[in-house]
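Take a look at the structure below. We will walk through it strand by strand and helix by helix.

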Amino acid sequence: MSSDATPHVVEDFFGVVRLLGDGSVVRGDESVLMPAGPFPDIPGVEWKDVAYDTARGLKVRVYRSSSVARGRLPVLVYFHGGGYCIGAYDKPMFHSCCQRFAAELPAVVLSVQYRLAPEHRLPAAIDDGATFFSWLRRQAAAGTEPWLEESADFAQTFVSGVSAGANLAHHVVVHIASGKLAVHPARIAGYVLLSAFFGSAERTAAESESPANVSLTAAFDQIWRLVLPAGATRDHPLANPFARDSPGMEPLPLPPALVVVPGLDTLRDHMRRYAARLEEMGKAVELVEFAGERHGFSVRAWSEANEELVRILKRFVNQGATRD
């Protein structure tokens, strides 16, 4: 009697991530899902990679403008997107975006590598975000990284991210505000969610209003199955910040938030709800919508919308410098 010992495919995400029945993962070419660009280098920005977790081989890419007078600049922590299962801090679209932020804000931008699912299901990436901020706290207290020692104003640290990176930014900020993650002498002056990747078991109107959105919703559902703890639903606290078991945010001293919503994004109702709930709690929150843009527009080919986003982000960061 013979049997086929080849593990069957449990999930196949466009051939890029295949989860097999034995728990192993086969990865394909991510470029089929990535924007084509172009993603030019930005003049006047220098960058380098620094290890923040040597045990896991995790790095942060440090960017700073080389064309401004040396002095203290705000710090923008940036978590890349990719649904927690693809993408990397050094992919061209994220690299170019962080260069532009560093040049035009200007700021010291820290683009953080984290572990991906399904090899490392959530909360692994959240844990990596916490480890990074523990490293940043040590840098603020007694810096060993020369660029940060020379240029970083740790009292004006902003947490940001796009898509899954925005989800990660939310969770890290909640950990910090709840006192579970210490960052002093650094100070979180605000956080920025770009095309935030949130979900819920209940469908929103935007998720089901058109065949195209239904198709994207199915893809997002598949991502959640790949990245959440096995058997979890989209009402898991890591997907839905307002689910029954999610940490209550009302008593937390959250920093001011900037929530950026692409008007054509299938997930736009989740982002709007996030901003509305913060406002109901009396938190400082600004909601900005880009009517004709789609999910993740901030890291696609540069456009007038991206230019406007940079102007908004620059204003938000500058306002942070005047807050108590």
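Start with strand β10 (257-262). A257, V259 and V261 point one way from β10, while L258, V260 and P262 point the other way. All of them are buried, where buried means under 20% relative accessible area, exposed means over 50%, and partly exposed lies in between (1.4 Å probe, protein chains only). In a regular strand the side chains alternate between the two faces of the sheet. In total, six of the six residues of β10 are buried.

A word on the source. This is a predicted model, in which local features need pLDDT of at least 70 and side-chain atom pairs count only at pLDDT 80 or more, while totals for chains, interfaces and linings use all residues. Residues are numbered from 1 along each chain as its sequence is written, and side-chain values use heavy atoms, leaving out hydrogens and water. Helices (H or I, at least four residues) and strands (E, at least two) are DSSP runs, numbered from the N terminus.

Now the neighbours of β10. Two strands pair if DSSP finds at least two bridges between them. Strands β9 and β10 run parallel and are joined by four bridges. Here L194 has V260 as its bridge partner in β10. On to β11: this strand pairs with β10 in the parallel sense, over six bridges. V260 stands opposite V288 in β11.

Which order do the strands of the whole sheet follow? The sheet is open, has eight strands and reads β4-β5-β7-β6-β8-β9-β10-β11, with mixed pairing. β4 (45-53) and β11 stand at the edges with a single partner strand each, so one side of each is left without a neighbour in the sheet. From one strand to the next, the twist averages 20 degrees; angles run from 0 to 180 degrees between N-to-C directions, and axes are lines fitted to C-alpha atoms, for helices over the stretch in contact. An antiparallel pair is found between β5 (residues 58-65) and β7 (residues 108-112), with four bridges. There, Y63 has V109 as its bridge partner in β7.

Next come the helices. Helix α4 (residues 164-177) lies across β6, β8 and β9, and runs at about 135 degrees to β8. Helix α8 packs on the sheet too, touching β6, β8, β9, β10 and β11. Contact means heavy atoms within 4.5 Å. The direction of α8 makes about 170 degrees with that of β11.

Which residues of α8 are buried? They are A305, N306, L309, V310, I312, L313, F316, V317 and G320. Seen down the axis of α8, these buried residues fall within an arc of 165 degrees, so they line one face of the helix. The arc is that of the directions from the helix axis to the C-beta atoms. On the other side of α8, E304 and R311 are exposed. The cover over the buried residues of α8 includes α1 (92-104) and β6 (73-79).

Helix α1 is mostly covered, with ten of its 13 residues buried. Among them are F94, C97, C98 and F101. The buried residues of α1 pack against β4, β5, β6, β7, β8 and α8.

Finally, a record. UniProt places "domain: Alpha/beta hydrolase fold-3" (unreviewed entry) at residues 76-297; feature names are shortened, positions are given in the numbering used here, and annotations may be inferred rather than shown by experiment. That span is 39% helix and 18% strand, and its end C-alpha atoms lie 19 Å apart.
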